[in-house]
Amino acid sequence: MQQAEAATDLDAAIVRNAEAIGGHVAAARAAIGEIIFGQDKVVDHALLTVLCGGHALLVGVPGLAKTKLVDTMGVVLGLDARRVQFTPDLMPSDILGSEVLEEDPTGKRSFRFVRGPVFAQLLMADEINRASPRTQSALLQAMQEYHVTVAGQRHDLPRPFHVLATQNPLEQEGTYPLPEAQLDRFLLQIDVDYPDRDAERRILLATTGADEVKARPALSSDDLMSAQRLVRRLPVGESVVEAILDLVRSARPETADKTIAEKIAWGPGPRASQSMMLAVRARALLDGRFAPSIDDVAALAEPILKHRMALTFSARSSGDTLSGVIARLVERLG
């Protein structure tokens, strides 16, 4: 009897907390929408990524407000945001920091660690595929373990810590494709498309006049971390768990249907299931719901799976695309 009452009290506390935090998240969403026009899905996916405590890869041609989105999110969410422009000559120490030799007034010399831009709460890695693999790998430990090691010393990163990286899908000359291990660190791949005509008209009028609209804070970093804790406490029904397992396992050549398996070179690992489990909860919270549904699984299938699987050469030669294959997998969810 006491256990049942305790469970009821816990559920009621989660609902109250979700209502309060949901209002804050809605305010943040509206504040970002005042600056970023015509990219509602991109904004939602970027917010969703941060609510999950994860990282995102934004893929789109130049000029689609990817940098502006990260700057705006830093202000709106109350985060310390920094930007690194990745170039072929960028070194790991340019991101992580380095030790410098100093001499005090007495003549004693010692090393002091000077922190790099990775020590931020929101890091924008602009055109991440332009840096060498050595520099790209400098982010691996930070993105997964939330600390870096320099000269044998561990340095913890601030919390929360998020990486929003951008990539240009058109210009591939002089770039270094991200290794699969690092791609898997990104919770979502967010494809940034062109705005529609009405949104582009609004962009023209809002950004070429004498007055510039400034982003306004809507959350603090503490509020955001409370929301991240809440996301992990939202209940997930058994049917949604089964849908996640069915989707992810059907994207692996070893367990996929024969007609699909012959198209897939390699598929997503368990981290895709973990990412989906968090992402559907965050999507429900964004929509003002207290529990996710199978519709959330279907809506997030492509951004969760697209960067975690690859097609065979024969499938690509036949005109198949990852988006098309994932759409077929979603259709089978029922």
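Student: What does Arg271 count as, at 25% relative accessibility?
Tutor: This is a predicted model, so the answer describes a prediction. Buried would need a value under 20%, and exposed one over 50%. Arg271 has 25%, so it counts as partly exposed.

Student: Which residue forms a salt bridge with Arg271?
Tutor: The bridge has its closest N and O atoms 2.6 Å apart. That is within the 4 Å cut-off for a salt bridge. The partner of Arg271 is Asp184.

Student: How many residues apart in sequence are the parts that Asp184 and Arg271 tie together?
Tutor: Asp184 lies in the loop between α6 (180–183) and β9 (188–191). Arg271 belongs to helix α11 (residues 270–286). Asp184 is buried, at 15% relative accessibility. The parts tied together are 87 residues apart.

Student: How many salt bridges does a search of the whole structure find?
Tutor: Opposite charges on side chains can pair when the charged atoms come close. Asp184 with Arg271 is a salt bridge, and so is Asp320 with Lys263. The search of the whole structure finds 16.

Student: How many residues apart are Asp320 and Lys263?
Tutor: Their side chains meet in a salt bridge, 2.9 Å from N to O. Asp320 is in the loop between α13 (313–317) and α14 (322–331), and Lys263 in the loop between α10 (258–261) and β10 (264–266). The pair links distant parts of the chain, and the separation is 57 residues.

Student: What is the relative accessible area of Asp296?
Tutor: Asp296 forms a salt bridge with Arg289, at 2.9 Å between the closest N and O atoms. Both belong to a network of salt bridges that also includes Arg29, Asp44, Arg283 and Asp287. Arg289 is partly exposed at 27%. Asp296 is buried, and its value is 0%.

Student: Which side chain of opposite charge is nearest to Lys66?
Tutor: Lys66 sits in helix α3 (residues 66–76). It is buried, yet it has no salt bridge. A salt bridge needs atoms within 4 Å. The nearest opposite charge is 6.4 Å away, on Asp126.

Student: Which residue has its backbone oxygen 2.9 Å from a polar atom of the Lys66 side chain?
Tutor: Lys66 touches several residues beyond its sequence neighbours, including Leu58, Met124 and Val192. Another one of those contacts also supplies the backbone oxygen. That residue is Val61.

Student: What is the angle between the planes of Tyr146 and Phe161?
Tutor: The count of aromatic pairs comes to one. Tyr146 and Phe161 form it, 6.2 Å centre to centre. Both residues are buried. Planes over 60 degrees apart count as edge-to-face, and here the angle is 90°.

Student: Which residue has its charged end over the ring of Tyr146?
Tutor: A charge over a ring must lie within 6 Å of the ring centre. Here the distance is 4.5 Å. The residue is Arg159.

Student: How far apart are the C-alpha atoms of Gly116 and Ser93?
Tutor: Gly116 is in the loop between β4 (109–115) and β5 (122–126). It is buried at 5% and touches Arg82, Ile95, Leu96 and Gly97. Ser93 is 23 residues away along the chain, and the C-alpha separation is 7.3 Å.

Note on methods. Residues are numbered from 1 along each chain as its sequence is written. This is a predicted model: local features need pLDDT of at least 70, side-chain atom pairs count only at pLDDT 80 or more; totals for chains, interfaces and linings use all residues. Side-chain values use heavy atoms; hydrogens and water are left out. Helices (H or I, at least four residues) and strands (E, at least two) are DSSP runs, numbered from the N terminus. Buried means under 20% relative accessible area, exposed over 50%, partly exposed in between (1.4 Å probe, protein chains only). Lys and Arg count as positive and Asp and Glu as negative; His and the chain ends are not counted. A polar contact is a pair of N or O atoms within 3.5 Å; within protein, one must be able to donate a hydrogen and the other to accept it, and residues adjacent in sequence count only if both atoms are side-chain atoms. Contact means heavy atoms within 4.5 Å. Rings of Phe, Tyr and Trp (its six-membered ring) pair if their centres lie within 6.5 Å; planes under 30 degrees apart count as stacked, over 60 as edge-to-face and the rest as tilted. A charge sits over a ring if NZ of Lys or CZ of Arg is within 6 Å of the ring centre and within 35 degrees of the ring normal. Lists of a residue's contacts leave out its neighbours within four places in sequence.
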